[in-house]
Amino acid sequence: MNRVIVEYKTQNTWNDMFQMLRRHKESKGDFFVSKKYEENGIALGEWLYRQQLNKKRGNLNSIYARRLEDIDVVWKLDSARWGENFRMLQRYKEHKGDCNLPFNYKEN
């Protein structure tokens, strides 16, 4: 009985996080979030990172993997980091007018 409850909670939490990720893509246009990214106090970036890592290690449930693939999640972590950094550069340019980021620049 306890196993059923734990599996339900895990699946329900996964589905909740998946829906949050889907909404994030709809509003922002991509999945490039840092590992530390939070949305409404929920660690969406950490969750996405774990899905990518589990996929890389062969530990991601195939149904979950297919659902993430259906919404075009990037599996290669390096590609995701590159995209994340590029988006940061775009935001910096919009704000400062150039692409001359200081070496130790961090977004707020």
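**View 1. W14 and Y64, two buried aromatic residues.** W14 is buried, and Y64 is buried too (buried: under 20% relative accessible area with a 1.4 Å probe, protein chains only). This is a predicted model, in which local features need pLDDT of at least 70 and side-chain atom pairs count only at pLDDT 80 or more, while totals for chains, interfaces and linings use all residues. Residues are numbered from 1 along each chain as its sequence is written, and side-chain values use heavy atoms, with hydrogens and water left out. The C-alpha atoms of W14 and Y64 are separated by 8.5 Å. Along the chain, the two residues are 50 residues apart.

View 2. W14 belongs to helix α1 (helix: a DSSP run of H or I, at least four residues, numbered from the N terminus). Its relative accessibility is 5%, so W14 counts as buried. Residues up to four places away in sequence are not counted here; beyond them, W14 touches W47, Q51, Y64, R67 and L68 (contact: heavy atoms within 4.5 Å).

**View 3. Aromatic pairs around W14.** The count comes to 4 aromatic pairs (Phe, Tyr and Trp rings, the six-membered one for Trp, with centres within 6.5 Å; stacked if the planes are under 30 degrees apart). W14 and F18 form a stacked pair, because their ring centres are 5.3 Å apart and their planes lie at 10 degrees. Within helix α1 these two residues are 4 residues apart, so about one helical turn separates W14 from F18. W14 and F18 are both buried. W14 also stacks with Y64: the ring centres are 3.9 Å apart and the planes are at 10 degrees. W14 sits in helix α1 and Y64 in helix α3 (residues 62–70), so this pair ties together parts that are 50 residues apart in sequence. Ring pairs join W14, F18, W47 and Y64 in a cluster.

**View 4. Charges over aromatic rings.** R67 places its charged end over the ring of F18, at 4.3 Å from the ring centre (criterion: NZ of Lys or CZ of Arg within 6 Å of the ring centre and within 35 degrees of the ring normal). K35 lies over the face of Y49. Here the distance to the ring centre is 4.3 Å.

**View 5. Q51 in helix α2.** Q51 is part of helix α2, which covers residues 44–57. With a relative accessible area of 6%, Q51 is buried. Neighbours within four places in sequence aside, Q51 contacts W14, L60, L68 and W75.

**View 6. E39 in the loop between α1 and α2.** E39 is located in the loop that lies between α1 and α2. Its contacts, leaving aside neighbours within four places in sequence, are M20, H24 and L44.

**View 7. The largest pocket.** The volume of the largest pocket is about 610 Å³ (pocket: an open set of points on a 1 Å grid where a 1.4 Å probe fits, with protein on both sides within 12 Å along at least five of seven lines; lining residues have an atom within 4 Å of a point). The lining has 18 residues; S34, E84, M88, R91 and E107 lie nearest the centre. Helices α1 (2–28) and α4 (77–96) each supply at least two lining residues. Helix α4 gives the most, with 5 residues. By class, the lining holds 9 charged, 5 nonpolar and 4 polar residues.

Terms used
Buried means under 20% relative accessible area, exposed over 50%, partly exposed in between (1.4 Å probe, protein chains only). Grid points are joined across faces, edges and corners, and a volume is the space filled by probe spheres set on the points. Ala, Val, Leu, Ile, Met, Phe, Trp, Tyr, Cys and Pro count as nonpolar, Asp, Glu, Lys and Arg as charged, and the others, Gly among them, as polar. Rings of Phe, Tyr and Trp (its six-membered ring) pair if their centres lie within 6.5 Å; planes under 30 degrees apart count as stacked, over 60 as edge-to-face and the rest as tilted.
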